[in-house]
Amino acid sequence: ADRSAVADVRRALANVAPRVPVAIAHLSPGELRSTATGQTLPLHALRGADLTAIAAIAQPDAFFKQLTELGAVVRPYSFPDHHAFTRAEARDLAAEAGSSDFVVCTLKDAVKLESLWPAEAGSLWYVSQRLRIEDGQEHIDRLLENLLSPAI
């Protein structure tokens, strides 16, 4: 379904703006990192793990799907985008996560939750994201060159 959507967008752009360069990129999970210690774990550590997953982003289901595709059993907790977590919410989430192997969130949410996370609850982990250019790297390189080269 994703490939056909990309093809549809390419066709639409070709019709209305045939000379506009097109690049295709997507986010993929990078590594698992503890907010408490900075320790990193490879993503395969999530295979078969029971996760409490927290996301306050525009599309939390996309994050939960990434974790599921990594082989984790995900217990999702979603909040509105840009949610300002309270200490009570952090305590409630930590209590809910008591039996989980990992409590995982996005980097965006880790920044907000880290100072609120109860120490006795163990580590709060986040999954970093990597931007992967699938097609059109040369267009991005050209744009960056133009931006970074001194004006004449």
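Which residues of the largest nonpolar core touch the most other members? Select L46, L51, F63, L67, F102 and V104, out of 18 residues in that core. A nonpolar core joins buried Ala, Val, Leu, Ile, Met, Phe, Trp, Tyr and Cys residues through side-chain atoms within 4.5 Å. Buried means under 20% relative accessible area, with a 1.4 Å probe and protein chains only.

This is a predicted model: local features need pLDDT of at least 70, side-chain atom pairs count only at pLDDT 80 or more, and totals for chains, interfaces and linings use all residues. Residues are numbered from 1 along each chain as its sequence is written, and side-chain values use heavy atoms, without hydrogens and water.

A second, separate core has 16 residues, including I54, F79, A97 and Y126.

Centre on L51. Leaving out residues up to four places away in sequence, L51 touches L46, L67, A72, V73, V74, R75, S100, F102 and V104. Contact means heavy atoms within 4.5 Å.

Now the rings. There are three aromatic pairs. Rings of Phe, Tyr and Trp (its six-membered ring) pair if their centres lie within 6.5 Å; planes under 30 degrees apart are stacked, over 60 edge-to-face, the rest tilted. F63 and F64 sit 6.1 Å apart at their ring centres with planes at 50°, so this pair is tilted. Both F63 and F64 are buried. F79 and F85 pair edge-to-face, 5.0 Å centre to centre and 70° between planes.

Notes
Buried means under 20% relative accessible area, exposed over 50%, partly exposed in between (1.4 Å probe, protein chains only).
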